[in-house]
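Hi everyone, thanks for coming. Let me put the structure up, and then we can walk through it together.

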Amino acid sequence: MISPLPETEYTVGQVMNITVQISGVNLPRVVGPNAAAGNNPNAAQQSRQMALFANGVEIGLANETSFGLGRFTYEWSTKQEVAGTDDKADLFGAVVMQNETVDGMTYTPSIISSPITITLTKRNPFGDMKSAVSQFYKDLLFYEPSEQEVELSLEDIGGGTYGEYIFEDPAFLEWASNISQRQSFQDLVSAVAGYYITMGYWPSKNLMDDALQTYSAIPNYGTDGSGDTDGDGYSANQEVIWQTSDTNATDFPENAFRLGSYLDSTFSSLPFLRTHGAIGPFGGDQNEFNRRSFVTLLFGNKHGLEPTLQQQVQGSYRIKSLDPQQAQQNNQQQQMMQQMMMYSMMGGGFGGGGRGNNNNNNNNMFGGGFGGGMFGGGGGMFGGGGNNQPAPATPNYKNGDGAVLFTTQMVLEEQVEGLDLLWDAPKKQHEFQTAAAMLALWQDNLVSLDQAEINKYSSMPMASQVQAMMKDYRYRSRFAGMSISKDAEEHPTAKDWKYLPWLGYYSDRTFPWIYHAGGDNSTTGLGWVYVQAPTSKEAWFYISGIGWMWSSESIWKSLTTPHLPLYDSSAGKWVAYVLESDSGRLFYDYEQKDVFER
């Protein structure tokens, strides 16, 4: 086995590359993972496969890179369940050769690679940079990164500062902010925006999971139980749904999010019909009212405001112009221009100063003449420059191409031909970004998206949002057993309260600040304590009125009495905290051989 290297440490869920090399005189006789009748790829010179195992459990089939090379590779998303009690896993490959018959007895020769032992550890995105990078790939981009991706990210970020929390590392926060701009996360942003704009309220995580899984293919590495034979990350079930092959790693599903199809489906969904009723039809001048009503619905859902008459008219004609079924677009453009001019003369605000201080916006097109502009014969944003109109196209969406494409533009908030979709419409993309980040980072611990909370977070830069969300208990509680709580017992009735024999009872809802309540026989404890412990190996405690004190796992795990040795950094000496005391702030001085309160 070429890779991984012996004794390499991987975090659970991390994708690793396994490579096994076979050489020697028996290589031409290798068949594959079994010797079933007719299973001999050598005749057709097809690449062969090798079964891979972790602690005796089959984890997948490695493919030969090219027939005859004897080099078998596989990407495996590590799993905790295959590790032993010591968190170790022995990896090896097994392949068989063609059956042989000797003296009337048929047997199957096998080749077993030498085992390689690796260590699998739980992810700690608070104290281990590699864990944090892998977890953010999983949370924001929805896949487990390869070893190479993790290493490249670490080259940019660095390994962090020893003893410091990852959420205090500026380089990591900036990196997390940058990857939130990648398409996979932006697809979630679009799904969130699409649901909010169509339905009028925020979606749940389950609804967004369904949307992304249905309208884009996100690799799940066989976690749905169907396996991943070709090792491309997409399970057998996913390959069936997307009509690709699970035996050919080069044939995998397209993962682009089909926003239009998602919006079209939402308009036909029972929740939408129950809330808003059916939409359309939108074609022809006779359906002007329907188009304006549709614009009013979406605008109200998105902004909580009634659109102006100008915005309704503009939106109506946008819907018609975006629909390839509509003909005579030049006449529509002329009508739109005429009506806009009429509303402008009636005080609609389209004069030269209409936008005031809105920087970088080119929507004041009515202030300085139209010559050959948006509606002119030179080919504006709504169609060609002449009278030659294309033949009507087949509709792509059952609720109408114009309506779906108009909604798509409202979701993306991208300018059309340098102009906003609807003039003077507020922007909300920053709120959609924040809502998507909350869903991605807090996941099932997020009961529901709250507008007030979204407003609070969306006013921050994305790096600051990431930091605040990582500090929140809804993120931290996803990773049980981190820091000093590694061996803590959950209180049976009091939510967020925990118990440690060496520390007593404490609430970690606002971690790294904890509220300490003392031991079993204490009436009070230390109160608010700041815990600086990115890992479970050691901890600094900042205690009000005392200062910083240090202890370690080797100390608190070896205790036989309710006295926790602590190094008092301000006094430069060792003391012991007396857990079972009435005052809750009783310490023992080893030098003075006496107790004191602080």
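Let's start at Phe172, which touches Met129, Ala132, Val133, Phe136, Ile157, Ile166 and Met470, leaving aside residues up to four places away in sequence. Contact here means heavy atoms within 4.5 Å. Before going further, please keep in mind that this is a predicted model, where local features need pLDDT of at least 70 and side-chain atom pairs count only at pLDDT 80 or more, while totals for chains, interfaces and linings use all residues. Residues are numbered from 1 along each chain as its sequence is written, and side-chain values use heavy atoms, with hydrogens and water left out.

Phe172 is one of the residues with the most contacts inside the largest nonpolar core, together with Phe136, Tyr262 and Ile484. That core has 105 residues. By a nonpolar core I mean a set of buried Ala, Val, Leu, Ile, Met, Phe, Trp, Tyr and Cys residues joined through side-chain atoms within 4.5 Å. Buried is under 20% relative accessible area, exposed is over 50%, and partly exposed is in between (1.4 Å probe, protein chains only). Which helix gives the most to this core? Helix α4, residues 183-199, with 10 residues; helices are DSSP runs of H or I, at least four residues, and strands are runs of E, at least two, numbered from the N terminus. Apart from this core lies another, of 24 residues, including Ile18 and Phe72. As a general point, nonpolar side chains in soluble globular proteins tend to be buried together.

Now for the rings. Phe172 also belongs to an aromatic cluster, whose members include Phe136, Tyr165, Phe167 and Trp175. Across the whole structure, a search finds 33 aromatic pairs. Rings of Phe, Tyr and Trp (its six-membered ring) pair if their centres lie within 6.5 Å; planes under 30 degrees apart count as stacked, over 60 as edge-to-face and the rest as tilted. Tyr165 and Phe167 are stacked, 4.9 Å centre to centre with 15° between the planes, and both are buried. Tyr567 and Trp574, on the other hand, pair edge-to-face, at 5.7 Å and 65°. Tyr567 counts as partly exposed because its relative accessible area is 28%, and Trp574 is partly exposed too, at 36%.

Finally, a look at Lys320, in helix α10. Is Lys320 buried or exposed? With 3% relative accessibility, Lys320 counts as buried.
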